[in-house]
Amino acid sequence: MTTPFTTLGTDEARSRLSALTVIDVRTPGEYASGHLPGALNIPLDRVRRALPELRHAAGRGDILVVCASGARSESACRLLAEQGIATATLTGGTSAWAADGHDLDRPVACDTRSGWSMERQVRLTAGSLVLLGLLLGLLVHPAFQLLAAGIAGGLVFSALTDTCGMAALLGKLPHNRPRAADLAATLTTLRTR
């Protein structure tokens, strides 16, 4: 089965960077922690809202979609392909970009919220829920240990399917949401590029 989008390695993407419209589909906090130079932030759950602007941008040139590791950008590329918008994804995401020694832009701290990566947020939440389930199981009632078992099962499912329901839920928290003005400014920039 062929994918409905292309993939670019970090070196190829770097050599073509000035000709690409780069869309970072991570949360605003992740984006603020470092992103490809010139990348615009449209979180994955907001991509549908940006379809007209992305279609317009695709008519003017190639679009590269990036995230932390490549899983969310592949999801965005599939969604855009269903809408007839050709895209490419960065193999390994911003993690591979940084590991290969390419620079990341980081906004001035006072200009944006800095935050934890989604992976770090998931690890904290999952670990906290497992500890809470075990503690409540010991102190209150053994049935609370089912909470720890449920989280463990969810993590196994997440690894097997390369999806993460907990990340999707955490992405809806206010600190992971773009401010309305930030998204509007991004869409305006995308229209005028």
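Which residues does A88 touch, not counting residues up to four places away in sequence?

**Entry 1: A88**

I am working with a predicted model. I looked up A88 and found that A88 touches T6, L8, I63, L64, V65 and C77, once residues up to four places away in sequence are not counted. I located A88 in strand β5, which covers residues 88–90. I then checked its accessibility: A88 has a relative accessible area of 7% and counts as buried, because the cut-off for buried is under 20%. I also recorded one pair in detail. A88 and L8 are 80 residues apart in sequence, and their C-alpha atoms are 6.7 Å apart in space.

**Entry 2: The whole protein**

I next stepped back to the overall layout. I noted nine helices and five strands in the protein. Reading along the sequence, I wrote down the pattern β-α-β-α-β-α-β-α-β-α-α-α-α-α. Taken along the principal axes, the C-alpha atoms fill a box of roughly 60 × 45 × 35 Å. The protein has 193 residues, and buried residues make up 38% of them. I also looked at contacts with a separation of 6 or more, and 69% of these join residues 24 or more positions apart.

**Entry 3: I85**

Where is I85 found? I placed I85 in the loop between α4 (71–82) and β5. I85 is buried, with a relative accessible area of 3%. I set aside its neighbours within four places in sequence and listed its contacts as L51, L54, R55, A58, I63 and L80.

**Entry 4: E53**

I looked up E53 in helix α3, which spans residues 51–60. Is E53 buried or exposed? I recorded a relative accessible area of 7%, so E53 is buried. Leaving aside neighbours within four places in sequence, I found E53 in contact with L187, L190 and R191.

**Entry 5: L104**

I found L104 in the loop between α5 (93–99) and α6. L104 counts as buried at 18% relative accessibility, because that value falls under the 20% cut-off. Apart from neighbours within four places in sequence, L104 is in contact with G34, H35, L36, W97 and A98. I took H35 as the partner to examine. L104 and H35 are 69 residues apart along the chain, yet their C-alpha atoms are separated by 5.0 Å.

**Entry 6: Helices α6 and α7**

How far apart are the axes of helix α6 and helix α7? I recorded 6 Å between the axes of α6 (residues 118–139) and α7 (residues 145–161), which pack at an angle of about 155°. That makes α6 roughly antiparallel to α7, because an angle over 145 degrees counts as roughly antiparallel. I also noted that α6 passes α7 in a left-handed crossing.

I then listed the residues that meet. From α6 they are A126, L129, V130, L132, G133, L134 and G137. From α7 they are Q145, L147, A148, I151 and L155. Sorted by kind, the residues of this contact are nine nonpolar, three polar and no charged.

L146 is exposed, with a relative accessible area of 63%. L146 and L134 are 12 residues apart in sequence, and their C-alpha atoms are 8.6 Å apart in space.

**Entry 7: Cysteines**

How many disulfides does the structure hold? I counted zero disulfides. To see why, I reviewed the sulfur distances. A disulfide is a covalent bond between the sulfur atoms of two cysteines. The cysteine sulfur closest to that of C67 is in C77, and the two are 9.1 Å apart, too far for a bond, because a pair must lie within 2.5 Å to count as a disulfide. C164 is likewise in no disulfide, as the nearest cysteine sulfur, that of C67, is 13 Å away.

I finished with the accessibility of two cysteines. C67 counts as buried at 1% relative accessibility, whereas C164 is partly exposed, with a relative accessible area of 26%.

Technical notes: Residues are numbered from 1 along each chain as its sequence is written. This is a predicted model: local features need pLDDT of at least 70, side-chain atom pairs count only at pLDDT 80 or more; totals for chains, interfaces and linings use all residues. Side-chain values use heavy atoms; hydrogens and water are left out. Buried means under 20% relative accessible area, exposed over 50%, partly exposed in between (1.4 Å probe, protein chains only). Axes are lines fitted to C-alpha atoms, for helices over the stretch in contact, and angles run from 0 to 180 degrees between N-to-C directions. Helices (H or I, at least four residues) and strands (E, at least two) are DSSP runs, numbered from the N terminus. Angles under 35 degrees count as roughly parallel, over 145 as roughly antiparallel, 65 to 115 as roughly perpendicular and the rest as oblique. A crossing is left-handed if the near helix is turned anticlockwise from the far one by less than a right angle, and right-handed if clockwise. Contact means heavy atoms within 4.5 Å. Ala, Val, Leu, Ile, Met, Phe, Trp, Tyr, Cys and Pro count as nonpolar, Asp, Glu, Lys and Arg as charged, and the others, Gly among them, as polar.
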